[in-house]
Amino acid sequence: MPTDHHTICRACHAACGVIVAVDGGEPVSVRGNPDNPVYKGFCCIKGQNFAAQRNSPTRLLHSQKRQPDGRYTDIPAEQAMDEIAAKLAAIKGGYGARAISLYAGTFASAASNANSPVNVAFMKAIGSPMGFSSNTIDQPGKMVAAALFGRWMAPCNNFADAEVVMLIGLNPLVAMSGGVPHTNPGRYLTDALQKGLQLIVIDPRRTETARRASQHLQVKPGNDVALLAALLNVIFSEGLHDRAFVAEHMQGVDALREAVRPFSPERVALACGVDAQHIVTAARTFANARTGVATAGTGPNMAGQTTLLEYLVLCLNSICGRWQRAGELVRNPPCLGQAREYIAQALPPTTKYAYGFGETMHARSIRCSAAGMPTAALADEILQDDDTHRVRAMISHGGNPVAAWPDQLKTIEAMRKLDLLVQIDVTLSATAREADYVIAVKHPLEMAGMSLHHEYLTDYAPGFGTTQAWAQYTPAIVDAPAGSDLIEDWEFFYGVAQRLGVALKLVPVSFGGSVRVEPWPMDMQHKPSTEEIYAAITQNSRIPLARVKQIPEGAVFAEPPVHVAPKQEGWKGRLDAGNAQMLADLAQLLPAQAMQHDPDRPFRLISRRQINILNSSGRDMPGQTHGKTYNPAYMHPQDVADLGLQQGALVRIESDRASIPAIVEVDRNLRRGLVSMTHSWGGGPETDKDVRNGGSCTGRLITDDADYEAYTALPRMSNIPVSVQAL
Ligand SMILES: Nc1nc2c(c(=O)[nH]1)N[C@H]1C(S)=C(S)[C@@H](COP(=O)(O)OP(=O)(O)OC[C@H]3O[C@@H](n4cnc5c(=O)[nH]c(N)nc54)[C@H](O)[C@@H]3O)O[C@H]1N2
Ligand SMILES: Nc1nc2c(c(=O)[nH]1)N[C@H]1C(S)=C(S)[C@@H](COP(=O)(O)OP(=O)(O)OC[C@H]3O[C@@H](n4cnc5c(=O)[nH]c(N)nc54)[C@H](O)[C@@H]3O)O[C@H]1N2
Ligand code: SF4
Ligand SMILES: [Mo]
């Protein structure tokens, strides 16, 4: 008879509280918990396959070592750590610690909250500044813009209180990421619409979310900065902004007003391919509501100017006063994160730490930004000719560079040039197939877990996070499979540090500043437990971990209620809407605005996500793919017909950088002239012949060193000019 256990799904960052049925020590199924007051029974198709992922025949049960002939053989984890430590010591001795890099991807933080703090401590202990993450190939402008703009010391209007929500290129009903609470977005959106929420969606595709919008601007991609400037222009010229908030808490607003003046709705409407009146209506709807929030997603962030885009989003929210004021209830304070004081006042910009500080990359002379080291420049750092300075080793932790980094061909070349590539993974992923060692790690169901990563979402940007203070802890639900040799991810970093003779100190996790812990020196003689790491990183939490542990199904920790305190006397901090660099970038935009149509590259490839797959994970799960083992190239039916093609046709999609094979599928919800595809499918070019059984990698179409953002090195990863030809 199966027994039910409460746990946290960690198949993505949403941390849903779910129920797993266990039979004979094996997880058999996962379902939502209808009694969960926040997730309300939610469990998406990926979550429903969480047990199947644990039991998957494609899962690695032993670490792997690549042999000279390219085959992989099992290697005991302890021996792998011995050999890797010896190689890292030699590289560090010969070329310095900077030659050793870390790349932390999606599952470095999603699988268990114990892992990231230890990998960060590891890099610090060996003395290498070359720690990278997927954050800088995502929406890095969010952090850079916040540093340039300043931060309100209380949350933005919560979704639960919002009269209007503006979503600029994000699709929460599929991504469970932001814009609508990730804790069951369909349900929250339905309830809010019933209560009268005005939903404005700006997206070239009539997405699942756009279909429920009060207003959908089906724009051409890549014009969102201009569109935001036009929205600001309308709001200023019609005097719809929150004058009192602007006067008391902002500076630079006159400069912003001047800078957006040339962006008339008519002019921008032409570039966006929408009706000018619709832009005016969107601006009025947003500004006239009493509460609300505007949020941008990956689509527009990847279309060229992530920082300027996010800066204007902050300007839009702020001139409309979309921040919580003194006396208001904070609905979603941290639980396992540190208690903090919310105050109705502005922290001034920290421009010095926005971009251009810290370690310099040889490639393109780009430096660290508030979003971290620029991942898109790491391949060049590995490939550079200067033999004494190049990066020679990389530990890739829970990410998949070959599938996810921009410029796949260069990435593969870089992976092959490394003296040492270690991939920490649960399966033989595309990057694992290039690695010298693959460290096989436990599945989340085999590890204790906390919902801390769901709290990080709240801190990510305005419009992210949920409506209640939710927290959950789960013990490991099952053991690792019999006969396996698996470790937790953090144990790898700890084990290698021990062998290198360096001491690890857990440093504050600073994702949006949610968790501040006292540095905690790890005992390097006697290995601490995961529980001790959890205790250390939650040492100043608002709700003691011990209390959260008492309620296995998780709970809302609303008591004592947290309110926003009034502005402190004499406080001078202001949000800066007049950053000179940002406004100069905006001025530059005008001449380039109407991007020329190129007859050789008549289509634009844009990004999207699919509900059943998370980036590159899950493509080997029959319960998730239901036989569709590729990522279609979605196009408007008329475009397909004009090319003389049909649904299911095999085509070559070519950019200025490279080409990929793909399978066409019609999508009536798209604008014409677009190809809409999910990313991170497919392997290298050698897998192209099997596109129907593995898909194709849009990252190969991206150039990482020609068209990139100056502050974060984020290349243009969406709105890529391409051609489409029958194959
Ligand atoms: N062209 C294009 N490229 C993109 C994007 C795009 O929209 N278009 N999006 C970008 C974005 S937003 C992001 S965040 C990045 C993502 O970039 P990455 O994080 O590098 O890519 P993922 O595919 O999420 O990699 C997850 C890896 O973790 C492994 N894994 C799965 N479960 C576990 C586990 O429990 N433990 C461990 N240790 N590993 C596990 C998977 O097998 C896989 O190898 O991609 C970016 N790349
Ligand atoms: N099921 C599932 N969930 C996921 C992921 C996944 O792979 N699968 N990935 C996770 C990750 S890593 C992230 S970062 C989040 C991302 O979450 P989101 O940012 O919500 O990602 P998408 O669902 O791809 O939505 C991007 C939207 O931008 C639109 N778009 C493309 N180009 C433009 C443009 O130039 N302008 C405008 N206005 N819109 C444009 C696309 O049509 C698409 O609808 O999702 C996370 N959640
Ligand atoms: S949204 Fe994410 S956490 Fe929730 S069930 Fe789906 S995969 Fe799991
Ligand atoms: Mo992402």
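**Reading the two ligand sites**

Q: Let us begin with a single contact. How far is a nitrogen atom of ligand 2 from an N or O atom in the side chain of Ser-718?

A: The model is a predicted one. In it, the distance between a nitrogen atom of ligand 2 and an N or O atom in the side chain of Ser-718 is 3.5 Å. A polar contact is a pair of N or O atoms within 3.5 Å. Backbone atoms also take part: an N or O atom of the Ala-175 backbone lies 2.6 Å from a nitrogen atom of ligand 2, and one of the Gly-222 backbone lies 2.8 Å from an oxygen atom of this ligand.

Q: How much of the area that ligand 2 exposes when taken alone does the protein bury?

A: Taken alone, ligand 2 exposes 920 Å², of which the protein buries 94%.

Q: Which residues and elements form the shell around ligand 2?

A: The ligand is surrounded by 32 residues, and the closest are Ala-175, Asp-203, Asp-224, Ile-613 and Asn-615. Two or more residues of the shell come from each of α7 (172-175), α14 (298-301) and β27 (603-608). By class, the shell comprises 12 nonpolar, 13 polar and 7 charged residues.

Q: How is the chain divided into domains, and where does ligand 2 lie?

A: Domain 1 covers 77-142 + 330-424 + 443-558, domain 2 covers 156-323, and domain 3 covers 603-726. Ligand 2 lies between domain 2 and domain 3, because both give residues to its shell.

Q: Where does ligand 1 lie, and which residues come nearest to it?

A: Domain 1 and domain 3 both contribute to the shell around ligand 1, so this ligand lies between them. Its shell has 32 residues, of which Tyr-103, Thr-106, Ala-404, Asp-425 and Ser-616 come nearest. The largest share, 3 residues, comes from β18. The classes are 12 nonpolar, 16 polar and 4 charged.

Q: Which polar atoms approach ligand 1?

A: A backbone N or O atom of Asn-400 is 2.8 Å from an oxygen atom of ligand 1, and a polar backbone atom of Gly-398 is 3.2 Å from an oxygen atom of the ligand. A polar side-chain atom of Arg-609 lies 3.3 Å from a nitrogen atom of ligand 1. The protein buries 95% of the 920 Å² that ligand 1 exposes when taken alone.

Q: What describes the interface of domain 1 and domain 2?

A: Contact involves 19 residues of domain 1 and 29 residues of domain 2. The two domains bury about 1700 Å² between them, 58% of it on carbon and sulfur atoms. Their centres, taken over C-alpha atoms, are 32 Å apart.

Key
Residues are numbered from 1 along each chain as its sequence is written. Chains are lettered from A and ligands numbered from 1 in the order in which they are written. This is a predicted model: local features need pLDDT of at least 70, side-chain atom pairs count only at pLDDT 80 or more; totals for chains, interfaces and linings use all residues. Side-chain values use heavy atoms; hydrogens and water are left out. A residue is near a molecule or strand if one of its heavy atoms lies within 4 Å of it. A polar contact is a pair of N or O atoms within 3.5 Å; within protein, one must be able to donate a hydrogen and the other to accept it, and residues adjacent in sequence count only if both atoms are side-chain atoms. Accessible areas come from the Shrake-Rupley method with a 1.4 Å probe; for residues, only the protein chains shown count as cover. Helices (H or I, at least four residues) and strands (E, at least two) are DSSP runs, numbered from the N terminus. Ala, Val, Leu, Ile, Met, Phe, Trp, Tyr, Cys and Pro count as nonpolar, Asp, Glu, Lys and Arg as charged, and the others, Gly among them, as polar. Domain bounds come from an automatic or database domain assignment. Contact means heavy atoms within 4.5 Å. Buried area is the accessible area (1.4 Å probe) that two parts lose on being put together, summed over both.
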